[in-house]
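Please read this briefing with the sequence and the model side by side, and find each residue as it is mentioned.

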Amino acid sequence: MTETFLLISKLMAGGLRFLIGLFLIYKLLAADRPDRKGVLVGVAGSFAVTLAVSYVPLNNFLRMSVEAVWIAFCAGRLRKSDMRKSLFVGISYEIAISIWQFLFSAGMGMVFQSEIYLDGNSLPGQIPVWILHFLVVALMVYLLKKPDMGEKEGRHLTTVIVIAGFFAAVTLSEQSYLAISDDVLTMWIILSMVLMMSILVFQLSRQYEVEKEVAKLKSEQAELLEHDYTALNQAYEVNAKLFHDFHNHIGALRQMLLHENYGGAMAYLDELQEPVREMADTAWTGDETVDFLINSKMASALAEQIRMDVQAEFPRHTNVRSADMCAIVGNLLDNALEAARKVPDSGQRFVSLTIRRINRMLVIKVENGFADVIKAEGGNLRTTKKEEGLHGWGLKSARTAAEKYDGMVQTTYAGAIFRAVATLSYHPMCEK
């Protein structure tokens with residue numbers, strides 16, 4: 001009866017450890033949310049690992065390794081997580097669980113002055129195991145209730161837990177209540193140091209990834225600005241040539257009117273007006289680069305039979321830089337046009353851009369029709385594109401630019417209408 005209870009306890013603890021490890025990978029590596037099938041397959045595998053450890057003489061480290069590999073495999077194959085990062089998180093997680101399980105067992109042994117709590121194959125030895133697992137489950141529930149927890153706050157919480165484990169392991173070496181060999185204490189202290197180094201490596205890796213994201217955002221903004229500035233200069237060259245030759249055109253028109261060639265004069269005027277007509281449809285904000293950016297998007301929408309409406313009220317002479325406005329407006333319009341062109345019904349293909357100022361706040365709203373299934377993960381929208389590359393960076397780029405002005409970008413959708421709203425705080429500046 002005791003052996004059966006111990007086996008059931010170990011099976012349940014193994015399944016719980018697997019679920020918590022999969023949850024950590026989901027939170028830390030932004031993997032897909034575990035579904036019912038993946039959970040069932042993973043728990044069944046963890047039961048098999050526990051049974052193998054129970055009937056085959058395997059040491060604790062081999063059990064930790066097998067469980068970490070299984071967690072990483074399920075996260076990589078079933079949840080589309082990076083296999084190497086999943087294995088790194090899985091091994092660190094197993095080390096942390098094992099360290100704290102030993103610490104809880106030693107702590108209860110010191111309180112009750114009995115070494116039986118250090119024996120995981122005894123009923124009293126399972127008590128600290130389940131106390132630890134319940135505490136970890138409580139921590140997981142706490143994290144689930146705080147989906148908006150920042151990465152900095154998460155790093156602080158992890159660092160506190162790891163450092164506390166290290167100091168607790170060092171403190172055990174000074175106690176005299178339990179007969180714990182120096183080799184065992186040294187092993188756990190070394191593992192605690194390894195775990196601290198693992199956390200440091202993981203944080204450095206995350207910082208490197210963030211720097212890469214920022215570099216990609218800057219590169220994307222630079223490419224957008226270069227393209228728009230080039231196109232704007234070309235348009236201005238055409239217009240400048242028109243005004244440069246203005247006196248010649250006036251002379252030609254005068255001769256036609258003197259000879260009463262009214263039809264020729266009208267045709268000549270229509271020809272001269274063509275470049276101006278192309279620029280007359282521009283939705284002017286007062287910022288030349290943003291004006292041309294919007295106009296180019298309107299031309300793209302027209303070519304793809306997408307109805308596009310623009311209402312712009314932009315405050316002049318503010319601290320909002322053209323590059324940031326282009327990053328916000330350009331990326332939001334690109335996403336809207338991409339979604340609108342996929343709508344099967346041409347009557348539902350539309351994009352609406354509204355720019356309004358409210359006191360010292362600038363509101364940029366982009367609405368569009370859409371037909372794709374919206375995918376969200378961790379409170380953020382995920383791209384529906386299947387290709388690799390910079391897809392999904394549009395909203396990130398817009399958010400990064402908005403945050404420079406204490407702003408944000410929020411997205412909502414209802415029915416067949418998707419809405420993205422960027423809000424910025426601006427300060428007026430004196431015209432030089």
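Gln-305 is exposed, with a relative accessible area of 57% (exposed means over 50%, buried under 20%, and partly exposed in between, using a 1.4 Å probe and protein chains only). The place of this residue is the loop between H10 and S1, where helices (H or I, at least four residues) and strands (E, at least two) are DSSP runs numbered from the N terminus. The model is a predicted one, in which local features need pLDDT of at least 70 and side-chain atom pairs count only at pLDDT 80 or more, while totals for chains, interfaces and linings use all residues. Residues are numbered from 1 along each chain as its sequence is written, and side-chain values use heavy atoms, with hydrogens and water left out.

- Most residues other than glycine have a negative phi.
- Asn-359, which is not a glycine either, takes a positive phi of about 55°; it lies in the loop between S2 and S3 and counts as exposed at 72% relative accessibility.

**Ile-306 in the H10-S1 loop**

- Ile-306 is found in the loop between H10 and strand S1 (307-312), and at 5% relative accessibility Ile-306 counts as buried.
- Not counting residues up to four places away in sequence, Ile-306 touches Ala-301, Leu-337, Ala-340, Arg-341, Arg-349, Phe-350 and Val-351 (contact means heavy atoms within 4.5 Å).
- The C-alpha atoms of Ile-306 and Asn-368 are separated by 9.8 Å, although these residues stand 62 residues apart along the chain.

**Helix H10**

- Helix H10 covers residues 288-303, and its 16 residues reach 23 Å from the first C-alpha to the last, close to the 22 Å expected (the expected span is 1.5 Å times one less than the number of residues).
- The buried residues of H10 include Phe-292, Leu-293, Ile-294, Lys-297 and Ala-301.

**Nonpolar cores**

- In the largest nonpolar core, which has 37 residues, Leu-332, Val-351 and Ile-364 touch the most other members (such a core is a set of buried Ala, Val, Leu, Ile, Met, Phe, Trp, Tyr and Cys residues joined through side-chain atoms within 4.5 Å).
- Two or more residues of this core come from each of H10, helix H11 (322-340), strand S2 (350-358), strand S3 (361-369), helix H12 (393-403) and strand S7 (417-425), and H11 gives the most, with eleven residues.
- Apart from this core lies another one of 20 residues, among them Phe-18, Leu-29, Val-43 and Val-89.
- Leaving aside neighbours within four places in sequence, Leu-332 is in contact with Val-366, Leu-395, Ala-398, Val-409, Ala-420 and Ala-422.

**Salt bridges**

- The structure holds nine salt bridges, each being a side-chain nitrogen of Lys or Arg within 4 Å of a carboxyl oxygen of Asp or Glu.
- One of them joins the side chains of Lys-297 and Asp-334 (2.8 Å, N to O); Lys-297 lies in H10 and Asp-334 in H11, so the pair ties together parts that are 37 residues apart in sequence.
- Within this pair, Lys-297 is buried, with a relative accessible area of 12%, whereas Asp-334 is partly exposed at 32%.
- Arg-307 and Asp-309 form a salt bridge whose closest N and O atoms are 3.9 Å apart; Arg-307 is partly exposed, with a relative accessible area of 45%, and Asp-309 is partly exposed at 41%.
- Arg-321 and Asp-324 meet through their side chains in a salt bridge (3.6 Å, N to O), in which Arg-321 counts as partly exposed at 47% relative accessibility, while Asp-324 is buried at 1%.
- Salt bridges with shared partners also join Glu-304, Glu-338, Arg-341 and Lys-342 into one network.

**The chain as a whole**

- The secondary structure of the chain comes to twelve helices and seven strands, and buried residues make up 38% of its 432 residues.
- Among contacts between residues at least 6 apart in sequence, 71% join residues at least 24 apart.
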